[in-house]
Structures are given as structure tokens and as C-alpha cells.
Amino acid sequence: MIYSLWHRYPDIYPQLEHVQARLTQKSRIRNPAVAEVVTAQINASGKMLRSGLMFMFARFGDSTQPGLVSAGAAIEALHLATLVHDDVLDHADTRRGVSTVQATSGNRAAIYAGDFLFSVYFELLSQASPDVSNIGTNAMAMRRIFLGELDQNWTQNNAGITQHQYLRQISGKTAALFALATYQGVRVSQADTKLYWPAYRFGRYLGMAFQMIDDLLDYTGDPSKTQKPVFEDLKNGVYTLPLIMAIERQPALQEQLKQPNWSDDQFDAIVAAVQQYGIQPATELAQKYTDKALATLQQFPDSQARDELLALTTMLLKRDK
């Protein structure tokens, strides 16, 4: 099922259906238990934002290029592979309301599934654009994604985490994939080469803002909409922007975080401090990155494609799931 957002873009929606079909076709695996859950994850109602953005940027070039569907499927395979591995590290039981591979079939099967999806990514990438330099760009993006994940793991349960460390880790774990998707859109569609790096920068800025909003929703979201419980990052020792902002404004909060085995009252006090001191400044920083993304779009030709990207970027900042 394709996310309802894309119904607004009748030229993008069918392309995403083709992406999902191509990814399903390439993700067939003999192990029935793993195959069933991988297929369920592919078909879950994910936003497909990365491949959708890729197609939106392809409209600045030749959006009929045959390699675009494979490029979009490659982006989704890479994203899904990182999520499967994340679920192992986070001991997550569900993702988008669907049981994770590790919860259903165990960690071993989940790691194999993630590794398999990485191989699918490279196969699809080679079909989309065999250009060696483009494969190098994708390899660089993968490196940044992995380093971002390592940075997050290193700062887990670290009450001294700084805003700089946080920005560095989300620049890798989230923004690098957004940047790769928007870059691939103009590159595979053979758009003007002058648009390559503006597209990359836009994706990076949007990815930064997107992750910040995601982290804000962990404190402010409605679980029925986000499909995950609130305060999950805090419970798992993942200290994100709202908490970091609160610590900067209330240094005593850092000592509270260092206390082992929080009582319910201590936990509630930490949440209350974040909501009082961290939400607003975190929202303002997300807006700054959104503004950078919007400013970067001004380097693109005045067109319906640009107007729709401007509207989409603004909408993503205001999302509630």
C-alpha cells in the first residue's frame, strides 16, 4: 500500500507502485519465514518519502528514463535494510504496525534479511545506473549512514551528549539517505549537472529537519498516528534533540539522567523537563534546516515541480506521524 500523501501527485504515485513491485520481485528469498516478513515490511504503509522525492527531482530532467524505477527500488531496499538491522539493535517488536523480522524469526534471521536487502540494493543500483562514479557516490552515502549509526550507538545512555554530536549522527543515519535520493533523481534522469549538488544539499537539509521532527514526535506524538509508543528513545537511552536542548537550559537534568533505574516519578520529571525546556528550541532548529532546504530549492527552475517540492517540504515540518 502506497502512503496516501502520494495521491496528491498523480505522476508520482504509479511510479512508486512500480518501485514496490520491483522491490518485491527482487526480494524473493527461499527461507519462507524470512520471506514472509520481508514482504510484509515492503508492503507496509511506509511513506516511501525517499523514492518519492527521487521521482520529484527527476522531473527536472527526463522523468521517463528507464533506470528510475530500479533507482527508486534501490533506495527503498537500502532504507529497509538499515531498518531491519536497527530493529535488531533496538530490540523492536513492530515497525509501522507490522511485526519485525527479529521479533518473528529471531535476530539471526533478521541480520541475514538485512544483509540480503543490501545485496538487492546493489543489484538494483547496477541496473539503474552502471556508471562507476555514481556507484561511488552511493558507497559514500552508505559509509555515512553506517557511521551515523555507530555514532548513535556510541552516545547511547550518555547524558553528556552534545548538540554537535547529535547533528553529526543524524547527518549520517538519516540525512545521507535523503541526500542520496534527491541526488539520484537529477542524476539518473540526466538533468543539468548544475542541479546535482543543489539536489544533494536539499536532501541533506530536509533529512536533518525530518529526523528532528521524528525525535520531537517521540515526546509529543499520538501513538495511534505514529504507530510507536511515546518516550521510546528516552527509555532506550537514545538521547535526542529535545532532551539535549532541555539539558542545555537545565543542566541539573544531566545528573537526573545519570541516576540508575529511574522510578516512575523520576521518569515523569525528566519528560516534563523536556516538554518544558526542549520542545520549542528543538522545533526552531528543525525550522532552520527546513528554511535551508526551501532556500536551496530556489536554485531550481521555476516550475510546477519546484512549487510542489516547496509545498511538500513545508508540510513535512508540520506532520504528526
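**Reading salt bridges and helix packing**

A: Asp 302 is exposed, with 63% relative accessible area. The model is a predicted one.

Q: With which residue does Asp 302 form a salt bridge?
A: Its partner is Arg 306, and the closest N and O atoms lie 3.4 Å apart. Arg 306 counts as buried because its relative accessibility is 12%, and buried means under 20%.

Q: How is the packing of two helices described?
A: Two packed helices are described by the angle between their axes and by the distance between those axes. Here helix 1 (residues 13-26) packs with helix 6 (residues 107-128) at about 120 degrees, and their axes are 10 Å apart. The two helices are therefore oblique to each other.

Q: Which residues make the contact?
A: Helix 1 contributes Arg 22, Leu 23 and Lys 26, while helix 6 contributes Phe 116, Val 120, Glu 123, Leu 124 and Gln 127. By class, the contact has 4 nonpolar, 1 polar and 3 charged residues.

Q: Which residue forms a salt bridge with Lys 26?
A: Glu 123 does, with 3.2 Å between the closest N and O atoms. The pair links distant parts of the chain, with Glu 123 in helix 6 and Lys 26 in helix 1, 97 residues apart. Glu 123 is partly exposed at 36% relative accessibility, and Lys 26 is partly exposed at 22%.

Q: How many salt bridges does the structure hold?
A: The structure holds 7. One of them joins the side chains of Asp 151 and Arg 168, at 3.6 Å from N to O. Asp 151 lies in helix 7 (residues 132-154) and Arg 168 in helix 8 (residues 163-188).

Q: Which residues are linked in a network of salt bridges?
A: The network links Asp 11, Arg 59 and Glu 308.

Terms used. Residues are numbered from 1 along each chain as its sequence is written. This is a predicted model: local features need pLDDT of at least 70, side-chain atom pairs count only at pLDDT 80 or more; totals for chains, interfaces and linings use all residues. Side-chain values use heavy atoms; hydrogens and water are left out. Axes are lines fitted to C-alpha atoms, for helices over the stretch in contact, and angles run from 0 to 180 degrees between N-to-C directions. Helices (H or I, at least four residues) and strands (E, at least two) are DSSP runs, numbered from the N terminus. Angles under 35 degrees count as roughly parallel, over 145 as roughly antiparallel, 65 to 115 as roughly perpendicular and the rest as oblique. Contact means heavy atoms within 4.5 Å. Ala, Val, Leu, Ile, Met, Phe, Trp, Tyr, Cys and Pro count as nonpolar, Asp, Glu, Lys and Arg as charged, and the others, Gly among them, as polar. A salt bridge is a side-chain nitrogen of Lys or Arg within 4 Å of a carboxyl oxygen of Asp or Glu. Buried means under 20% relative accessible area, exposed over 50%, partly exposed in between (1.4 Å probe, protein chains only).
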